[in-house]
Each structure stands twice: as structure tokens, then as C-alpha cells.
Amino acid sequence: MTILLLGGTAIQIPIIHKAHEMGLRVITCDNRPDNPGHVISDEYHNVDITDCEAVLQLARQLRVDAVVNYSLEAGVKAAAYAQEALGKPTSPYSSVCTLSDKKLFRQFLHEHGFCTPRMITCKSKEEALGKIQSLKFPVVVKPTDLWGSRGVTRVDADPLQMESRLSAAIDCALSLSRGGEVIIEEFVEPCGPPIEGSAFAIDGVLTTRAWADVYDDPKAENPITPVTFCYSSTQPHHLIDKLDATLNRLLSLLGMKTNAYNVEARIDSNGDIYLMEVAPRNGGNTSHDILSLITGQDVQRAIILAALGEDCSFMRYVTYDTFWMGHVVHTNTPGTYQGMWIDDDFRQNNLVRYTPFLQPGTHADTYSGTNNTIGALHAQFPTRKEMMEVAKDTKPCFHPVLL
């Protein structure tokens, strides 16, 4: 059997190995022939993975058994489009499009009675400034069609800086949006840390998930970009159950099938659940790995089997009694990445995995979004107290070395 894997970045390498381990032939495609995944795949084709028709034509030409998207946001729509056109297992392409566009997603939530912040959309700064009076500050400005906190800016009600900061935020979001559209929405103040996590659903029903408390870096260039993920969430059990039920209701309404998800949510002081993002893919920055590590279940295998229409019933909800941390390694000062310093005690007692995204000698930018990540680190702790001590100050345990 043969799969067409969209993308060939370093993040795709583990699933290429997994597919080979399963006895599958792997063909990769994207428009970056130098990506390292193409070296270990069985065949490579230069095709833009954001071009749904081009991906479909390639899949037909190669007569593949499944089109698989792993982690990359750019390939989500094309994978669903091709699978649907080929009559292969997938969640509905229209529903995937709804989840992939912040405007469509917010509209769907509103129409079906979910909690969602008030928002406006615009395709120009003039349009935005004409509509902004309907919103209450603080607001968050973001491209409608990007994930990973790219182009996302919080604008507070500061009379001295609000106008200039809003103008700059709109310019930034518009410059990054593929479709040239921006969403501006009221900031949802969470009661407790925001929640983020990875999940897997079978036939539209949540089966496996791991929810984390999310912390940012107030010194980062973009201080609302998530940095540290502490598992499991400290939200009360009844609210976590409410989050699960809310997510299941959404998946049911959309007719979603067997799929991996990256979820961001907030719970306000009234206990209301706000689904900020439900991306129909496993998360980036190797956050998908944490779900496998925590639950002991093979998420990569499940993603491949789902695309092939084979049994994924081994993916089940499990409990765990240890504490896990995922950390996005980054820098607030640009420089040349030399490597990662890790304390010996931390390496021996806590470190599970460090995955570098940069090679030594590569320039590292300041952290404004997940596209400026140096690497991803996973660690395990016997107590929450020990985990939180490291989460509050990671530098004594590990930090990137830059010149």
C-alpha cells in the first residue's frame, strides 16, 4: 500500500518512519525539495500542498491508497479534499474548511449556540476602523486563515497607544493572511490558565485527549503566544467534562469522522466554555508527541490508519498519575543558534525528548509565533510542584545557546 504524505519537513520524519515500519510506501510532496523528509521517503513530487486540485491530480496519477496530512496546517484542506474526491475516508471537506477559517468557525459557533466572542472581519484597515466601535477592548487581531499564533496581536484600551497599536496589528495580520482577511474579536478573560491540548476522535466521538494549562512568556516579542504546556489541566473535573461534551457536540454538528485535533479553549468566570480553535490536525511543535507519551498510544499509527479507513479502536481514554511539560524553546534576543544546554540532573531525571528545529549555525529570530521556534522539549515530573518550578523559570534547567 502507498500513502501520499503532504510535506517533508523535519516534523514529518517520524511519521515517514512509522509508515515504513507499517510496511507502507511513502510518497512525499510539497514545493520545497530541500526539506529533509524527502530524503527518506520513497518518492518525491514538487506540488504545492495548499493547492487542493494539484494534490488531487497527483494522488490520482500515483493511485495512492490514502492522502495523509501530519501536523502541517497548510495541508489540512488538500488532504480532506483529495480523500473526499477519491471516495476515501475523511471528515467532510466543507467541515474541515469551517474549522480552518476563523471567520467561518466563529460564525458556525454563533449560529449553533456555542459561547464565542463578539467579532468583526475586514479586508482593509479602513473597513476595520469603521467597524471597531462595536467591540469592547481589549481585542485580539489575527489573520482568519493561519494558526500557530502567527500575526496575532492583543490590543488593550490604552488611550495613548491603542490607535497606533491597532493599526500596526491590522497591518501585520493582513500581510500574513493568505486570503487577505483579518478577524478582530473581544478578548476572552479566562478563569485560570487557558487550556490547550491534542485529541483524537473516532467517528466524531472524542476518544483520547490530554488537556494542559498554557503559559506564555511575558518577555516575548508576542507575549500572548503559548510557550509552556503543563499536563494535566488544573481546571475542575466538572469543567473538563463540560469541555469534552462541548467538543463532542461540535464534532457531531460538523459531521466529523475519525480525526486528530489540536484544541485551544478558555473557561470564563461563569464556567462557560469558549472553543477558541479546533484545528482538524495534530498540533505542531511536536505537541502531538505528548499525547502518545502521556497515553502510551500510537497517535501516528492512528492517523495513518484513519486515512486508510482501518481500525483505530486502540485509541482510548486513559488516566495518568505523572505530570508532563511541553515547552516551546525560543529566544527573545535574535542570534545564531549554537545548540541546547541542558542541566545534567534535569537530563537524567526529567527530560523525555528534545527535538531541535534549527541546525547549529542557523539564525534564530525572536519569538513572535510558532514559526520562530528553535525546538520543542518534553519533560516528566513526579509532582506538580516540581513541574511548576521549572515552568516558571526554565533557564536553570535548559536554554538555547546563541551567539
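1. Helix H5 (residues 93–100) and helix H6 (residues 102–111) pack with their axes 5 Å apart, at an angle of about 100°. H5 is therefore roughly perpendicular to H6. All of this is read from a predicted model.

2. The residues that form this contact are Cys97, Thr98, Leu99 and Ser100 on the H5 side, and Lys102, Leu104, Phe105 and Phe108 on the H6 side. Sorted by class, the contact of H5 with H6 has 5 nonpolar, 2 polar and 1 charged residues.

3. The class count for the contact of H3 with H4 is 7 nonpolar, no polar and 3 charged residues.

4. On cysteines, the disulfide count comes to 0. For Cys52, the closest cysteine sulfur is that of Cys97, at 6.9 Å, which is too far for a bond, since a disulfide needs the two sulfur atoms within 2.5 Å. Cys52 counts as buried, at 15% relative accessibility.

5. Cys115 is likewise in no disulfide. The nearest cysteine sulfur belongs to Cys191 and is 14 Å away. Cys115 is partly exposed, with a relative accessible area of 26%.

6. Met119 is found in strand S5 (residues 119–122) and is partly exposed, with a relative accessible area of 23%. Not counting residues up to four places away in sequence, Met119 touches Lys103, Arg106, Gln107, Leu135, Ile183, Ile184 and Glu185. Met119 and Val141 are 22 residues apart in sequence, and their C-alpha atoms are 9.7 Å apart in space.

7. Lys18 belongs to helix H1 (residues 13–21). At 11% relative accessibility, Lys18 counts as buried. Once its neighbours within four places in sequence are left aside, Lys18 is in contact with Asp298, Gln300, Arg301 and Ile304.

8. Two peptide bonds to inspect are described here. Phe137 and Pro138 are joined by a cis peptide bond, with omega about 0°; Pro138 sits in the loop between helix H7 (125–131) and strand S6 (139–143). Tyr231 and Ser232 are also joined by a cis peptide bond, again with omega about 0°. Ser232 lies in the loop between strand S11 (226–231) and helix H9 (237–254).

9. Positive phi values are a further point. Arg63, although not a glycine, has a positive phi of about 55°. Arg63 lies in the loop between H3 and strand S4 (66–69) and is exposed, with a relative accessible area of 73%. Ser71, not a glycine either, has a positive phi of about 80°. The place of Ser71 is in the loop between S4 and H4, and Ser71 is buried, with a relative accessible area of 4%.

Note on methods
Residues numbered from 1 in each chain as written. Predicted model: local features only at pLDDT ≥ 70, side-chain atom pairs only at ≥ 80, totals over all residues. Heavy atoms only, no water. Nonpolar A, V, L, I, M, F, W, Y, C, P; charged D, E, K, R; others polar. Buried < 20%, exposed > 50% of the residue type's maximum accessible area, 1.4 Å probe, protein only. Axes fitted to C-alpha atoms, helices over the stretch in contact; angles between N-to-C directions. Helix = DSSP H or I, 4+ residues; strand = E, 2+ residues; numbered from the N terminus. Parallel < 35°, antiparallel > 145°, perpendicular 65-115°, else oblique. Contact = heavy atoms within 4.5 Å.
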